[in-house]
Amino acid sequence: MTSLRARRRRLPLWALVLTVVAVALPAVATSRAQGAATGCTVTYTTNEWAGGFTAQIRVTNLGAALNGWRLESAYGGDQQITSAWNAQVTQSGSAATAVNAAHNAVLAAGGSVDFGLQGTWRTGDPAPTAFALNGAPCGGTTTPTPTPTPTPTPTTPAECAGTGATICSDFEDQRGTVPSGDWQTTAPDCQGTGKVSVDTSVAYSGTRSLRVDGGAGYCNHVFAASTRDLSSVGPVVYVRMRVRHTTALPTSHVTFVSMPDASQGGKALRVGGQNGALQWNRESDDATLPEQSPAGVALSTPLATGRWLCLQYQIDTTAQSMRTWVDDQEITGLRVDEVPTQNVDGQWLARRTLPRPTGLRLGWESYGTGEDTLWFDDVALGSSPIGC
(Lines give C-alpha, C1' and ligand atoms only; values in the text may rest on other atoms or scores of the structure.)
Protein backbone atom coordinates (compact mmCIF):
# COMPACT_ATOMS: atom_id res chain seq x y z
CA MET A 1 0.00 0.00 0.00
CA THR A 2 1.43 3.34 -1.01
CA SER A 3 1.98 5.76 1.87
CA LEU A 4 0.30 9.19 2.04
CA ARG A 5 3.75 10.83 1.90
CA ALA A 6 4.59 8.99 -1.31
CA ARG A 7 1.31 10.00 -2.92
CA ARG A 8 2.02 13.63 -2.09
CA ARG A 9 5.38 13.42 -3.79
CA ARG A 10 3.70 12.19 -6.96
CA LEU A 11 1.25 15.12 -7.30
CA PRO A 12 1.01 15.97 -11.03
CA LEU A 13 2.54 19.25 -12.30
CA TRP A 14 -0.86 20.76 -13.21
CA ALA A 15 -2.02 20.39 -9.60
CA LEU A 16 1.03 22.29 -8.35
CA VAL A 17 0.36 25.12 -10.84
CA LEU A 18 -3.25 25.45 -9.73
CA THR A 19 -2.12 25.61 -6.11
CA VAL A 20 0.29 28.51 -6.87
CA VAL A 21 -2.36 30.40 -8.88
CA ALA A 22 -4.93 29.99 -6.11
CA VAL A 23 -2.49 31.54 -3.64
CA ALA A 24 -1.55 34.42 -5.97
CA LEU A 25 -5.06 35.50 -7.05
CA PRO A 26 -6.03 37.35 -3.84
CA ALA A 27 -2.88 39.51 -4.10
CA VAL A 28 -3.79 40.56 -7.64
CA ALA A 29 -7.33 41.50 -6.61
CA THR A 30 -5.99 43.57 -3.70
CA SER A 31 -3.70 45.52 -6.04
CA ARG A 32 -6.61 46.55 -8.28
CA ALA A 33 -8.71 47.65 -5.34
CA GLN A 34 -5.99 50.06 -4.27
CA GLY A 35 -6.28 52.21 -7.40
CA ALA A 36 -4.89 50.56 -10.54
CA ALA A 37 -6.87 51.67 -13.60
CA THR A 38 -9.11 49.11 -15.30
CA GLY A 39 -9.43 51.14 -18.46
CA CYS A 40 -10.46 54.43 -19.93
CA THR A 41 -11.82 56.15 -22.97
CA VAL A 42 -9.86 58.82 -24.81
CA THR A 43 -11.03 61.61 -27.09
CA TYR A 44 -8.17 62.95 -29.22
CA THR A 45 -9.17 66.09 -31.16
CA THR A 46 -6.65 67.59 -33.56
CA ASN A 47 -6.18 70.80 -35.45
CA GLU A 48 -3.61 70.41 -38.21
CA TRP A 49 -1.80 72.72 -40.61
CA ALA A 50 1.13 72.13 -42.95
CA GLY A 51 3.96 70.83 -40.79
CA GLY A 52 2.27 71.34 -37.42
CA PHE A 53 -0.64 70.39 -35.19
CA THR A 54 -2.27 70.84 -31.82
CA ALA A 55 -4.23 68.12 -30.03
CA GLN A 56 -6.76 68.35 -27.21
CA ILE A 57 -7.01 65.09 -25.24
CA ARG A 58 -9.79 64.10 -22.81
CA VAL A 59 -9.22 61.00 -20.67
CA THR A 60 -12.18 59.39 -18.85
CA ASN A 61 -11.27 56.95 -16.09
CA LEU A 62 -13.36 53.75 -16.13
CA GLY A 63 -11.66 52.22 -13.11
CA ALA A 64 -11.12 53.05 -9.46
CA ALA A 65 -10.17 56.57 -8.42
CA LEU A 66 -6.53 57.48 -9.10
CA ASN A 67 -4.18 59.76 -7.23
CA GLY A 68 -1.61 60.28 -9.98
CA TRP A 69 -2.17 59.20 -13.57
CA ARG A 70 -0.03 58.38 -16.61
CA LEU A 71 -1.35 58.07 -20.16
CA GLU A 72 0.81 56.22 -22.69
CA SER A 73 0.28 56.20 -26.45
CA ALA A 74 2.18 55.65 -29.68
CA TYR A 75 2.15 57.78 -32.82
CA GLY A 76 1.97 56.16 -36.23
CA GLY A 77 3.52 59.12 -38.07
CA ASP A 78 6.67 61.19 -37.62
CA GLN A 79 5.16 63.64 -35.11
CA GLN A 80 7.45 65.44 -32.68
CA ILE A 81 5.82 66.98 -29.59
CA THR A 82 7.15 70.48 -28.83
CA SER A 83 5.01 71.67 -25.91
CA ALA A 84 2.05 70.73 -23.74
CA TRP A 85 -0.31 72.19 -21.17
CA ASN A 86 -2.11 70.71 -18.13
CA ALA A 87 0.24 67.69 -18.25
CA GLN A 88 3.94 66.89 -18.48
CA VAL A 89 4.44 65.17 -21.85
CA THR A 90 7.61 63.35 -22.92
CA GLN A 91 8.39 61.45 -26.10
CA SER A 92 10.81 58.65 -26.98
CA GLY A 93 10.65 57.67 -30.64
CA SER A 94 6.99 57.11 -31.46
CA ALA A 95 6.01 56.55 -27.80
CA ALA A 96 4.50 59.47 -25.88
CA THR A 97 3.79 59.62 -22.14
CA ALA A 98 1.62 62.23 -20.43
CA VAL A 99 1.83 62.55 -16.63
CA ASN A 100 -0.55 64.61 -14.52
CA ALA A 101 0.24 68.13 -13.40
CA ALA A 102 0.10 68.94 -9.69
CA HIS A 103 -3.39 70.44 -9.92
CA ASN A 104 -5.07 67.52 -11.74
CA ALA A 105 -3.44 64.45 -10.18
CA VAL A 106 -6.69 63.13 -8.68
CA LEU A 107 -8.86 61.39 -11.28
CA ALA A 108 -12.13 60.11 -9.82
CA ALA A 109 -13.85 56.92 -10.94
CA GLY A 110 -15.85 57.98 -13.99
CA GLY A 111 -14.11 61.37 -13.97
CA SER A 112 -12.34 63.06 -16.87
CA VAL A 113 -9.23 65.18 -17.29
CA ASP A 114 -8.22 67.38 -20.24
CA PHE A 115 -4.77 68.32 -21.47
CA GLY A 116 -3.28 69.52 -24.74
CA LEU A 117 -0.11 69.43 -26.75
CA GLN A 118 1.50 70.98 -29.81
CA GLY A 119 3.90 69.41 -32.27
CA THR A 120 5.34 69.17 -35.75
CA TRP A 121 5.21 66.58 -38.53
CA ARG A 122 6.76 66.10 -41.97
CA THR A 123 5.17 63.14 -43.79
CA GLY A 124 2.05 62.28 -41.79
CA ASP A 125 0.00 63.12 -38.70
CA PRO A 126 -2.30 60.17 -37.90
CA ALA A 127 -3.84 60.15 -34.43
CA PRO A 128 -2.70 57.47 -31.97
CA THR A 129 -4.95 54.39 -32.04
CA ALA A 130 -4.07 52.79 -28.68
CA PHE A 131 -3.78 54.26 -25.20
CA ALA A 132 -3.04 52.89 -21.73
CA LEU A 133 -3.91 54.56 -18.41
CA ASN A 134 -1.52 53.64 -15.59
CA GLY A 135 -0.57 50.56 -17.58
CA ALA A 136 -4.13 49.32 -18.26
CA PRO A 137 -5.21 49.38 -21.93
CA CYS A 138 -8.05 51.74 -22.72
CA GLY A 139 -11.02 50.05 -24.33
CA GLY A 140 -12.58 53.24 -25.66
CA THR A 141 -12.05 54.54 -29.17
CA THR A 142 -10.35 57.76 -30.17
CA THR A 143 -12.36 60.33 -32.05
CA PRO A 144 -9.95 62.59 -33.94
CA THR A 145 -11.20 65.64 -35.76
CA PRO A 146 -11.00 65.15 -39.55
CA THR A 147 -7.48 66.08 -40.68
CA PRO A 148 -6.84 68.70 -41.82
CA THR A 149 -9.53 70.73 -40.07
CA PRO A 150 -11.44 72.77 -42.64
CA THR A 151 -10.74 76.45 -42.09
CA PRO A 152 -13.71 78.76 -42.72
CA THR A 153 -13.19 81.68 -45.05
CA PRO A 154 -12.16 84.61 -42.84
CA THR A 155 -14.58 87.49 -42.66
CA THR A 156 -13.59 91.05 -41.83
CA PRO A 157 -15.73 92.64 -39.09
CA ALA A 158 -17.56 95.70 -40.37
CA GLU A 159 -15.74 98.04 -38.01
CA CYS A 160 -12.45 97.29 -39.79
CA ALA A 161 -13.77 97.89 -43.30
CA GLY A 162 -11.64 100.43 -45.15
CA THR A 163 -9.05 100.74 -42.37
CA GLY A 164 -6.46 98.45 -43.93
CA ALA A 165 -6.08 96.68 -40.57
CA THR A 166 -3.49 93.92 -40.58
CA ILE A 167 -5.29 92.12 -37.75
CA CYS A 168 -9.04 92.36 -37.31
CA SER A 169 -10.50 89.42 -35.42
CA ASP A 170 -13.69 88.79 -33.49
CA PHE A 171 -12.92 85.03 -33.45
CA GLU A 172 -16.18 84.20 -35.24
CA ASP A 173 -14.21 82.21 -37.86
CA GLN A 174 -12.98 79.80 -35.17
CA ARG A 175 -14.87 76.50 -35.23
CA GLY A 176 -13.13 74.29 -32.68
CA THR A 177 -12.15 74.89 -29.08
CA VAL A 178 -8.43 75.12 -29.94
CA PRO A 179 -7.24 78.35 -31.65
CA SER A 180 -6.56 77.70 -35.33
CA GLY A 181 -5.98 79.47 -38.62
CA ASP A 182 -4.82 83.02 -37.87
CA TRP A 183 -4.27 82.18 -34.18
CA GLN A 184 -2.01 79.46 -32.79
CA THR A 185 -1.29 78.35 -29.21
CA THR A 186 2.25 79.04 -28.06
CA ALA A 187 4.40 79.21 -24.91
CA PRO A 188 7.44 81.14 -26.21
CA ASP A 189 9.59 81.03 -23.06
CA CYS A 190 8.29 78.23 -20.86
CA GLN A 191 4.98 76.67 -19.97
CA GLY A 192 2.90 75.71 -16.97
CA THR A 193 -0.76 75.03 -16.29
CA GLY A 194 -2.17 77.86 -18.44
CA LYS A 195 -4.56 77.15 -21.30
CA VAL A 196 -6.07 79.11 -24.20
CA SER A 197 -9.31 78.12 -25.90
CA VAL A 198 -12.12 79.45 -28.08
CA ASP A 199 -15.14 80.14 -25.86
CA THR A 200 -18.78 80.20 -26.99
CA SER A 201 -20.25 81.10 -23.57
CA VAL A 202 -18.74 84.60 -23.15
CA ALA A 203 -18.31 87.15 -25.96
CA TYR A 204 -18.33 90.91 -26.42
CA SER A 205 -19.80 90.64 -29.91
CA GLY A 206 -21.07 87.64 -31.83
CA THR A 207 -20.84 84.23 -30.19
CA ARG A 208 -17.10 83.59 -29.73
CA SER A 209 -14.13 84.97 -27.85
CA LEU A 210 -10.62 83.90 -26.90
CA ARG A 211 -10.48 82.55 -23.33
CA VAL A 212 -7.28 82.34 -21.29
CA ASP A 213 -7.03 80.36 -18.07
CA GLY A 214 -3.85 81.89 -16.72
CA GLY A 215 -1.99 79.98 -14.02
CA ALA A 216 0.20 81.27 -11.21
CA GLY A 217 3.77 80.23 -10.50
CA TYR A 218 7.17 81.12 -11.86
CA CYS A 219 7.30 81.05 -15.67
CA ASN A 220 3.69 80.02 -16.22
CA HIS A 221 3.19 81.25 -19.80
CA VAL A 222 0.54 80.54 -22.44
CA PHE A 223 -0.62 82.63 -25.44
CA ALA A 224 -2.59 82.62 -28.64
CA ALA A 225 -0.27 84.21 -31.20
CA SER A 226 -1.43 85.90 -34.38
CA THR A 227 0.21 84.41 -37.47
CA ARG A 228 0.39 87.87 -39.10
CA ASP A 229 3.81 89.51 -39.59
CA LEU A 230 3.67 93.10 -38.30
CA SER A 231 7.11 94.16 -39.51
CA SER A 232 5.74 96.58 -42.10
CA VAL A 233 2.89 98.06 -40.04
CA GLY A 234 3.46 101.71 -39.24
CA PRO A 235 5.08 104.12 -38.86
CA VAL A 236 2.70 104.13 -35.86
CA VAL A 237 1.22 100.80 -34.72
CA TYR A 238 -2.33 101.18 -33.40
CA VAL A 239 -3.94 98.40 -31.33
CA ARG A 240 -7.50 98.09 -30.02
CA MET A 241 -9.03 95.12 -28.19
CA ARG A 242 -11.77 94.20 -25.78
CA VAL A 243 -10.58 92.39 -22.66
CA ARG A 244 -12.44 91.03 -19.65
CA HIS A 245 -10.68 90.02 -16.42
CA THR A 246 -12.06 87.81 -13.65
CA THR A 247 -9.43 88.75 -11.06
CA ALA A 248 -7.92 92.15 -10.25
CA LEU A 249 -4.32 92.76 -11.33
CA PRO A 250 -2.05 91.37 -8.58
CA THR A 251 0.85 92.93 -6.72
CA SER A 252 3.27 90.64 -8.56
CA HIS A 253 4.26 91.22 -12.19
CA VAL A 254 2.01 89.62 -14.83
CA THR A 255 1.57 90.07 -18.60
CA PHE A 256 -1.51 89.55 -20.78
CA VAL A 257 -0.39 91.12 -24.10
CA SER A 258 3.06 90.43 -25.56
CA MET A 259 4.60 91.87 -28.75
CA PRO A 260 7.92 90.46 -30.00
CA ASP A 261 10.18 93.42 -30.78
CA ALA A 262 12.93 93.29 -33.43
CA SER A 263 14.84 96.09 -31.68
CA GLN A 264 15.20 93.80 -28.64
CA GLY A 265 16.27 90.79 -30.68
CA GLY A 266 12.79 89.31 -30.47
CA LYS A 267 12.26 89.94 -26.76
CA ALA A 268 8.88 91.46 -26.04
CA LEU A 269 7.09 94.67 -25.28
CA ARG A 270 4.57 93.57 -22.65
CA VAL A 271 1.26 94.95 -21.37
CA GLY A 272 0.28 93.67 -17.93
CA GLY A 273 0.22 94.68 -14.32
CA GLN A 274 2.28 95.18 -11.20
CA ASN A 275 1.37 96.57 -7.78
CA GLY A 276 -2.28 96.25 -8.76
CA ALA A 277 -2.12 98.67 -11.72
CA LEU A 278 -1.77 98.49 -15.50
CA GLN A 279 1.83 98.75 -16.73
CA TRP A 280 4.15 98.29 -19.68
CA ASN A 281 7.28 96.19 -19.30
CA ARG A 282 10.26 95.84 -21.65
CA GLU A 283 11.65 92.31 -21.52
CA SER A 284 15.27 93.03 -22.48
CA ASP A 285 16.02 95.35 -19.53
CA ASP A 286 12.87 94.98 -17.36
CA ALA A 287 12.10 98.71 -17.69
CA THR A 288 8.59 99.58 -16.55
CA LEU A 289 6.10 102.27 -17.53
CA PRO A 290 5.28 103.89 -15.19
CA GLU A 291 8.15 103.49 -12.76
CA GLN A 292 7.07 101.35 -9.83
CA SER A 293 7.29 104.06 -7.19
CA PRO A 294 4.10 104.85 -5.23
CA ALA A 295 3.75 108.10 -7.19
CA GLY A 296 4.27 106.33 -10.51
CA VAL A 297 1.79 103.55 -9.77
CA ALA A 298 -0.79 106.15 -8.75
CA LEU A 299 -0.57 107.62 -12.27
CA SER A 300 -1.73 104.33 -13.77
CA THR A 301 -5.03 102.53 -13.12
CA PRO A 302 -6.33 99.21 -11.83
CA LEU A 303 -8.53 97.23 -14.23
CA ALA A 304 -12.18 96.55 -13.48
CA THR A 305 -13.25 92.91 -13.29
CA GLY A 306 -16.36 91.11 -14.48
CA ARG A 307 -16.98 93.42 -17.45
CA TRP A 308 -15.52 94.15 -20.88
CA LEU A 309 -12.94 96.95 -21.14
CA CYS A 310 -11.68 98.64 -24.27
CA LEU A 311 -7.87 98.74 -24.27
CA GLN A 312 -6.15 100.92 -26.88
CA TYR A 313 -2.52 101.81 -27.35
CA GLN A 314 -0.16 103.16 -29.97
CA ILE A 315 3.57 102.64 -30.52
CA ASP A 316 5.58 104.99 -32.74
CA THR A 317 8.35 103.11 -34.56
CA THR A 318 10.16 106.34 -35.52
CA ALA A 319 10.33 107.97 -32.07
CA GLN A 320 10.17 107.14 -28.37
CA SER A 321 6.44 107.79 -28.20
CA MET A 322 3.66 105.63 -26.73
CA ARG A 323 0.14 106.28 -25.48
CA THR A 324 -2.44 104.02 -23.78
CA TRP A 325 -6.19 104.33 -23.15
CA VAL A 326 -8.75 102.32 -21.16
CA ASP A 327 -12.38 102.93 -22.13
CA ASP A 328 -11.30 106.04 -24.09
CA GLN A 329 -9.55 107.55 -21.04
CA GLU A 330 -5.83 108.13 -21.56
CA ILE A 331 -3.67 106.79 -18.73
CA THR A 332 -1.24 109.52 -17.66
CA GLY A 333 1.34 107.15 -16.29
CA LEU A 334 1.49 105.14 -19.53
CA ARG A 335 2.67 107.92 -21.83
CA VAL A 336 6.13 108.26 -23.39
CA ASP A 337 6.89 111.52 -25.22
CA GLU A 338 10.73 111.63 -25.40
CA VAL A 339 10.84 114.13 -22.50
CA PRO A 340 11.48 112.31 -19.20
CA THR A 341 8.67 112.72 -16.67
CA GLN A 342 9.45 111.98 -13.02
CA ASN A 343 8.01 108.64 -11.81
CA VAL A 344 6.75 107.82 -15.32
CA ASP A 345 9.11 107.17 -18.24
CA GLY A 346 12.66 107.65 -16.95
CA GLN A 347 13.43 103.92 -17.13
CA TRP A 348 11.79 103.62 -20.52
CA LEU A 349 13.82 106.42 -22.11
CA ALA A 350 17.11 104.96 -20.82
CA ARG A 351 17.02 102.78 -23.94
CA ARG A 352 17.13 104.86 -27.10
CA THR A 353 16.60 102.06 -29.64
CA LEU A 354 13.29 102.60 -31.39
CA PRO A 355 10.69 99.83 -31.03
CA ARG A 356 9.73 97.61 -33.98
CA PRO A 357 6.92 95.19 -33.02
CA THR A 358 6.71 92.13 -35.28
CA GLY A 359 3.89 90.09 -33.71
CA LEU A 360 0.94 90.03 -31.32
CA ARG A 361 0.30 87.46 -28.58
CA LEU A 362 -2.70 87.39 -26.24
CA GLY A 363 -2.57 85.29 -23.09
CA TRP A 364 -0.99 85.21 -19.62
CA GLU A 365 2.51 85.26 -18.16
CA SER A 366 3.02 84.86 -14.43
CA TYR A 367 6.40 85.29 -12.81
CA GLY A 368 5.35 84.33 -9.28
CA THR A 369 1.90 84.72 -7.76
CA GLY A 370 -1.10 85.81 -9.78
CA GLU A 371 -3.64 83.82 -11.78
CA ASP A 372 -6.65 84.95 -13.78
CA THR A 373 -9.30 83.84 -16.23
CA LEU A 374 -9.69 86.45 -18.95
CA TRP A 375 -11.22 86.85 -22.38
CA PHE A 376 -10.26 88.78 -25.53
CA ASP A 377 -12.58 89.86 -28.34
CA ASP A 378 -12.73 92.35 -31.24
CA VAL A 379 -8.95 92.64 -31.67
CA ALA A 380 -7.71 95.12 -34.29
CA LEU A 381 -4.22 96.27 -35.25
CA GLY A 382 -3.06 98.46 -38.09
CA SER A 383 -1.42 101.68 -39.25
CA SER A 384 -4.44 103.83 -38.40
CA PRO A 385 -6.54 103.96 -35.23
CA ILE A 386 -9.78 102.00 -34.79
CA GLY A 387 -11.85 103.46 -31.99
CA CYS A 388 -13.78 101.77 -29.23
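This note reviews selected side-chain contacts in the structure above.

1. Basis of the note. The model is predicted, so local features need pLDDT of at least 70 and side-chain atom pairs count only at pLDDT 80 or more, while totals for chains, interfaces and linings use all residues. Residues are numbered from 1 along each chain as its sequence is written, and side-chain values use heavy atoms, with hydrogens and water left out.

2. Aromatic pairs. A pair of aromatic rings is described by the distance of the centres and the angle of the planes. Rings of Phe, Tyr and Trp (its six-membered ring) pair if their centres lie within 6.5 Å; planes under 30 degrees apart count as stacked, over 60 as edge-to-face and the rest as tilted. Seven such pairs are found in the whole structure. In one of them, Tyr44 and Phe131 are tilted, with 6.5 Å between centres and 40 degrees between planes. Tyr44 belongs to strand β1 (residues 40–49) and Phe131 to strand β10 (residues 131–133), 87 residues apart. Strands (E, at least two residues) and helices (H or I, at least four) are DSSP runs, numbered from the N terminus. Both Tyr44 and Phe131 are buried; buried means under 20% relative accessible area, exposed over 50%, and partly exposed in between (1.4 Å probe, protein chains only). Tyr44, Phe53, Tyr75 and Phe131 make up one aromatic cluster.

3. An edge-to-face pair. Tyr204 and Trp308 pair edge-to-face, at 5.9 Å centre to centre and 70 degrees between the planes. Tyr204 lies in the loop between β14 (195–199) and β15 (209–214) and Trp308 in strand β22 (residues 308–316), so the pair ties together parts 104 residues apart in sequence. Tyr204 is partly exposed, at 37% relative accessible area, whereas Trp308 is buried, at 13%.

4. Charges over rings. A charge sits over a ring if NZ of Lys or CZ of Arg is within 6 Å of the ring centre and within 35 degrees of the ring normal. The charged end of Arg282 is placed over the ring of Trp348, 4.6 Å from its centre. Arg361 lies over the face of Phe223, 5.9 Å from the ring centre.

5. Nonpolar cores. A nonpolar core is a set of buried Ala, Val, Leu, Ile, Met, Phe, Trp, Tyr and Cys residues joined through side-chain atoms within 4.5 Å. The largest has 45 residues, of which Phe256, Trp280, Tyr313, Leu360, Leu362 and Phe376 touch the most other members. Beyond its neighbours within four places in sequence, Leu362 has contacts (heavy atoms within 4.5 Å) that include Phe171, Trp183, Phe256 and Phe376. A second, separate core of 25 residues includes Tyr44, Ile81, Ala98 and Leu133.

6. Salt bridges. A salt bridge is a side-chain nitrogen of Lys or Arg within 4 Å of a carboxyl oxygen of Asp or Glu. The whole structure holds 10 salt bridges. In one of them, Glu365 pairs with Arg270, the closest N and O atoms being 3.5 Å apart. This pair links strand β26 (residues 361–366), which holds Glu365, to strand β19 (residues 268–274), which holds Arg270, 95 residues apart. Glu365 is buried, at 1% relative accessible area, and Arg270 is buried too, at 7%. In another bridge, between Arg335 and Glu330, the closest N and O atoms are 3.6 Å apart. Here Arg335 is partly exposed, at 36%, and Glu330 is partly exposed, at 26%. Salt bridges that share partners join Asp199, Arg211 and Asp213 into one network.
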